[in-house]
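Student: Can we go through the labels in this one together? I'd like to set each value against its cut-off.

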Amino acid sequence: MVDSIDTIAEELGERFAAGGHELAIVGGPVRDALLGREVHDLDLTTDAVPQRIIELIEGWADAVWTVGIEFGTVGLRKNGLQLEITTYRSESYQPKSRKPEVNYGTSLEEDLVRRDFTVNAMAVHLPSREFADPFGGLADLDARRLRTPGRPEDSFSDDPLRMMRAVRFAAQLGFTLAAEVGAAITDMSGRLEIVSAERVRDELSKLMLSPDPRTGVERMVELGLADHVLPEVPRMRLEIDEHHRHKDVYEHSLTVLDQAIDLEDKRGHQPDLVLRLAALLHDIGKPKTRSFESGGRVTFHHHEVVGASMTRSRLGKLRFSKDVIADVSTLVALHLRFHGYGKGEWTDSAVRRYARDAGHLLERLHILTRADCTTRNRRKAAALARAYDDIEHRIRRLAEEEELNRIRPDLDGNEIQQVLGIDPGPMVGKAWRYLLELRLENGPMDKEAAAAELRRWAEEHGD
């Protein structure tokens, strides 16, 4: 740990000491260094108030920013290293407030006791490099255990988002929750409602991008947090009928998430938030569409359409970006499309439509569709894998021949106007869509043939 402290941090510590103030590296950087994880930026804490911090770094830092100054934080950059310095503080939420109240503290221990977990309540004094661990964080780090420095009820009352952070650490770092921490989260999960959707979204995104998001989702469901973040997920815990004619949708979805992550890695992709959200949510429409039919059959007709709508609604409430919402909901809507492929009976036009409807999501759709096969019937699983190998091969062949990702009608808008002798207007759009359908159905045409088809279509429509 000592060897990992940058000389810049030591130099900064000397400046603060010369100015009569304390300075220490604290929190995540200390934890990550002790875990052998790479430390990119440094978080520091001090007894100096923000204005005094600015005075001490003025003329020394290459750049200074005060975006977080209302929370007692001043940011700086020195020789490419980014640091944030925060005045000793404590945060708390009033019962109905969505914004924390920040009060400055006077000692390092007072600051550490108000931090989320003991593994984040360790510090290294600068410039002395003295290690501070008043709440046993090092032992908890060794045991991969999450405890709070004080009572968990006080910690989660101060900032309810810490409950989400606890399950995220379980997924990200492989930690277990101390019994009292899990009990407090179960009792207080409803307090998460006062936290802004944006902060919850960011924690959920970090959880989903962790090495083991399944564990985080399971903890969220078990502890009641999912009821306030992704209530559609625990609702997928449908009972399995006595004849096992349909799977537990919740367990199936977690398995699909695991298999999607495995395929993501095998295909050389980085952790993908859109893909992982789609894998988790692809069947959330099933509880709403479940129907019991004659003979004991259970059906979920159009659950992909209902699920896509539910996905848009939920991700919108969590303030995800429009692009993420559109991409995840599109994958949910398309995840069943392949199951009409059968033994390769699709025409080339059907394959073109499949690829075109997926657009830039095609590789993600490949992964999601493959991951969605969780059957224990080896023969059925092998048949599905062969069928998807075939459709991927056909898409690659057509892509090479026709540049599928850039399919357009064989005539553009100006050419349509010239052929039909019309001005810009709705008719041009109708003609463009007709030619696109023709292109998808028959493949490329030369311009003369396309113009002839366009004239025939216009005559038939009497326009």
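Student: Why is Arg319 called partly exposed?

Tutor: Its relative accessibility is 46%. Buried means under 20% relative accessible area, exposed means over 50%, and partly exposed is in between (1.4 Å probe, protein chains only). So Arg319 counts as partly exposed.

Student: What are the ground rules here?

Tutor: This is a predicted model, so local features need pLDDT of at least 70 and side-chain atom pairs count only at pLDDT 80 or more, while totals for chains, interfaces and linings use all residues. Residues are numbered from 1 along each chain as its sequence is written, and side-chain values use heavy atoms, with hydrogens and water left out.

Student: What is the phi of Arg319, and where does the residue lie?

Tutor: Phi is near 65°, a positive value in a residue other than glycine. Arg319 lies in the loop between helix 15 (303-317) and helix 16 (322-334). Helices here are DSSP runs of H or I with at least four residues, strands are E runs of at least two, and both are numbered from the N terminus.

Student: What makes the loop between strand 8 and strand 9 worth a look?

Tutor: Pro127 lies there, and the peptide bond from Leu126 to Pro127 is cis, with omega near 5°. Arg129 is in that loop too, with a positive phi of about 65° although it is not a glycine. For background, most residues other than glycine have a negative phi, and most peptide bonds are trans.

Student: How do you know that helix 2 is mostly covered?

Tutor: Of its 8 residues, 6 are buried: Gly28, Pro29, Val30, Arg31, Asp32 and Ala33. They pack against several elements, including strand 1 (23-26), strand 2 (42-46) and helix 7 (161-173), where contact means heavy atoms within 4.5 Å.

Student: Why are helix 9 and helix 10 called oblique to each other?

Tutor: Their axes, lines fitted to C-alpha atoms over the stretch in contact, with angles from 0 to 180 degrees between N-to-C directions, come within 8 Å and cross at roughly 135°. Under 35 degrees counts as roughly parallel, over 145 as roughly antiparallel, 65 to 115 as roughly perpendicular, and the rest as oblique. Helix 9 and helix 10 are therefore oblique.

Student: Which residues make that contact?

Tutor: Leu204, Leu207 and Met208 of helix 9, with Pro213, Gly216, Val217 and Met220 of helix 10.
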